[in-house]
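This briefing works from the chain as a whole down to single residues. Please keep the sequence and the structure in view while reading.

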Amino acid sequence: MELEMILYALVGLVLLYLVIKFLKWPLKILLNGIIGIVLLYVANWIGTYLGFYIGINAVTALIAGFLGVPGVIFLVIFKMFL
């Protein structure tokens with residue numbers, strides 16, 4: 001009986017680890033998205049003084065959301081040169 005309880009505890013710990021692992025991934029994407037959108041607004045605020053504006057639409061929001069800081073840097077460089 002004691003071996004069975006140890007086995008149940010190990011299976012429970014593995015399941016708990018997997019649940020935490022799977023829940024962490026969407027949280028990271030959500031955090032990247034929020035940081036990306038905030039950085040887009042900051043880039044537009046700074047861009048008013050430098051003479052450029054990045055339109056906030058579905059494409060730019062997806063780039064900033066999935067890529068985070070590097071995505072916003074890419075959008076700023078893209079806008080400044082094109």
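**Briefing on the predicted model**

I63 is partly exposed, because its relative accessible area is 23%, where buried means under 20% relative accessible area, exposed means over 50%, and partly exposed lies in between, with a 1.4 Å probe and protein chains only. This is a predicted model, in which local features need pLDDT of at least 70 and side-chain atom pairs count only at pLDDT 80 or more, while totals for chains, interfaces and linings use all residues. Residues are numbered from 1 along each chain as its sequence is written, and side-chain values use heavy atoms, with hydrogens and water left out.

**Overall form**

- The protein chain holds three helices and zero strands, these elements being DSSP runs numbered from the N terminus (helices H or I with at least four residues, strands E with at least two), and their order from the N terminus is α-α-α.
- With a radius of gyration of 21 Å, well over the 12 Å that the globule rule gives for 82 residues, the protein chain is more spread out than a compact globule; the radius is taken over C-alpha atoms, and the rule is 2.2 Å times the number of residues to the power 0.38.
- Taken along the principal axes, the box filled by the C-alpha atoms of the protein chain is roughly 75 × 20 × 15 Å.
- Of the 82 residues in the protein chain, 20% are buried.
- The accessible surface of the protein chain is about 6700 Å², and 82% of this belongs to carbon and sulfur atoms; accessible areas come from the Shrake-Rupley method with a 1.4 Å probe, and for residues only the protein chains shown count as cover.
- Among contacts in the protein chain with a separation of 6 or more, 57% join residues 24 or more positions apart, a contact being heavy atoms within 4.5 Å.

**Nonpolar core**

- The largest nonpolar core consists of eight residues, namely L40, A43, F52, I54, A64, V72, L75 and V76, where such a core is a set of buried Ala, Val, Leu, Ile, Met, Phe, Trp, Tyr and Cys residues joined through side-chain atoms within 4.5 Å.
- At least two residues of this core come from each of α1 (2-50) and α3 (69-81), and α3 gives the largest share, three residues.
- Once neighbours within four places in sequence are set aside, L40 is in contact with I54, I56, T60, A61, A64, V72 and L75.

**Nonpolar surface patch**

- L31, I35, V69, I73, F74, I77, F78, M80, F81 and L82 form a nonpolar patch on the surface, together presenting about 1100 Å² of accessible area.
- Patches are made of residues with over 30% relative accessible area and no salt bridge, like charges being joined within 9 Å and nonpolar side chains (Val, Leu, Ile, Met, Phe, Trp, Tyr) within 5 Å; a salt bridge is a side-chain nitrogen of Lys or Arg within 4 Å of a carboxyl oxygen of Asp or Glu.
- Helix α3 supplies the largest share of the nonpolar patch, seven residues.
- I73 lies in helix α3 and counts as partly exposed because its relative accessibility is 47%.

**Individual residues**

- I63 sits in helix α2 (residues 58-67) and, not counting residues up to four places away in sequence, touches G68, G71 and L75.
- N44, in helix α1, counts as buried because its relative accessibility is 6%, and it touches Y53, I54 and I56, residues up to four places away in sequence not being counted.
- L27 is also found in helix α1 and counts as exposed because its relative accessibility is 55%.
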